[in-house]
Amino acid sequence: ILDQLGRVTMPTLVVHGDSDAAISLDRAQATFAALPNARMVVIKGGGHAANMTDATEVNAAIREFLLECAKQK
């Protein structure tokens with residue numbers, strides 16, 4: 001679906017753990033690069049379930065992203 005992601009124009013946050021064994025960091029970076037209005041946050045030491053195992057870092061990234069989006073309106 002990478003070729004379809006260029007149509008997504010809304011702000012998008014890509015959060016990825018750099019130790020994710022299921023999806024490589026290269027693949028996540030390709031997803032990020034295909035999105036025209038995206039921001040990427042890499043969770044150091046995070047795995048595939050970084051939202052659960054590294055919730056503090058993931059939640060902080062989401063919070064910051066949402067605040068930035070709110071400022072743009």
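The model is predicted, so local features are reported only at pLDDT of at least 70 and side-chain atom pairs only at pLDDT 80 or more, while totals for chains, interfaces and linings use all residues. Residues are numbered from 1 along each chain as its sequence is written, and side-chain values use heavy atoms, with hydrogens and water left out.

The protein contains three helices and two strands. Helices (H or I, at least four residues) and strands (E, at least two) are DSSP runs, numbered from the N terminus. Their order from the N terminus is β-α-β-α-α. Along the principal axes, the C-alpha atoms fill a box of roughly 30 × 30 × 15 Å. Of the 73 residues, 26% are buried. Here buried means under 20% relative accessible area, exposed means over 50%, and partly exposed lies in between (1.4 Å probe, protein chains only). Contacts are defined by heavy atoms within 4.5 Å. Among contacts between residues at least 6 apart in sequence, 69% join residues at least 24 apart.

Strand β1 covers residues 12–17. Strand β2 covers residues 38–43, and the two strands pair in the parallel sense over six bridges. Pairing requires that DSSP finds at least two bridges between two strands. Val15 has Val41 as its bridge partner in β2. His16 is partnered by Val42 in β2.

Thr12 belongs to β1. Its relative accessibility is 18%, so Thr12 counts as buried. Leaving out residues up to four places away in sequence, Thr12 touches Leu35, Asn37, Ala38, Arg39 and Phe65. Pro11 lies in the segment before β1. Pro11 is partly exposed, at 36% relative accessible area. Pro11 and Met40 are 29 residues apart in sequence, and their C-alpha atoms are 11 Å apart in space.

Two salt bridges were found. A salt bridge is a side-chain nitrogen of Lys or Arg within 4 Å of a carboxyl oxygen of Asp or Glu. Arg39 forms one with Glu64, the closest N and O atoms being 2.8 Å apart. Arg39 lies in strand β2 and Glu64 in helix α3, so this pair ties together parts that are 25 residues apart in sequence. Arg39 also meets Glu68 in a salt bridge, at 3.4 Å from N to O. Glu68 is in helix α3 and Arg39 in strand β2, 29 residues apart. Through shared partners, Arg39, Glu64 and Glu68 form one network. Each of these residues is partly exposed: Arg39 at 25%, Glu64 at 39% and Glu68 at 31%.

The protein exposes about 5100 Å², of which carbon and sulfur atoms supply 56%. Accessible areas come from the Shrake-Rupley method with a 1.4 Å probe; for residues, only the protein chains shown count as cover. Val15, Ile62 and Leu66 make a nonpolar surface patch of about 220 Å². Patch residues have over 30% relative accessible area and no salt bridge; like charges are joined within 9 Å, and nonpolar side chains (Val, Leu, Ile, Met, Phe, Trp, Tyr) within 5 Å. Leu66 sits in helix α3, which spans residues 55–72.
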